[in-house]
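Q: I would like to go through this model and ask what the terms rest on.

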Amino acid sequence: MNANSTWDIISRLASRFSALDTARGIPPEQQWTLQILRLTEEVGESAQAVIGAWGTNPRKGRSHTWQHVQEEVVDTAITSLVTLYRMLGDEAPRFFETMLTEKAGKFLPSASEVGTAVAEET
């Protein structure tokens, strides 16, 4: 699946959820707030799955697998992208790419740094 189809699906989900909330009479900023709460719920479900995969809740034992954790992480990612799209509309993909590049730049070496490291190793 390419990025365009991913953002197309995200756009359609965001539009659907916004339309449902608008039909309920919920103003946009309140919709965004509720969407953030949905996102935190998904993060909590990811945490619950990790606890279940490790079996650290003595009452429940090993209640989840690592595949459950992966599925919950995907739910979190989808909900996060839908949240961003609901807030920014068609600007969301560009904003996401800009922020990803900016934030990744804090952790990933630049092309010149990689070239210098390779030169030093040889």
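A: This is a predicted model, in which local features need pLDDT of at least 70, side-chain atom pairs count only at pLDDT 80 or more, and totals for chains, interfaces and linings use all residues. Residues are numbered from 1 along each chain as its sequence is written, and side-chain values use heavy atoms, with hydrogens and water left out.

Q: What share of the contacts in the chain with a separation of 6 or more comes from residues 24 or more positions apart?
A: That share is 54%, where contact means heavy atoms within 4.5 Å.

Q: How many helices and strands does the chain have?
A: The chain has five helices and zero strands, and the order from the N terminus is α-α-α-α-α. Helices (H or I, at least four residues) and strands (E, at least two) are DSSP runs, numbered from the N terminus.

Q: What radius of gyration does the chain have, and what would a compact globule of 122 residues have?
A: The chain has 19 Å, whereas such a globule would be near 14 Å. The radius is taken over C-alpha atoms, and the globule rule is 2.2 Å times the number of residues to the power 0.38.

Q: Why does Glu42 count as having no salt bridge?
A: A salt bridge needs a side-chain nitrogen of Lys or Arg within 4 Å of a carboxyl oxygen of Asp or Glu. The nearest side chain of opposite charge to Glu42, Arg38, is 8.5 Å away, so there is no salt bridge.

Notes. Buried means under 20% relative accessible area, exposed over 50%, partly exposed in between (1.4 Å probe, protein chains only). Lys and Arg count as positive and Asp and Glu as negative; His and the chain ends are not counted.
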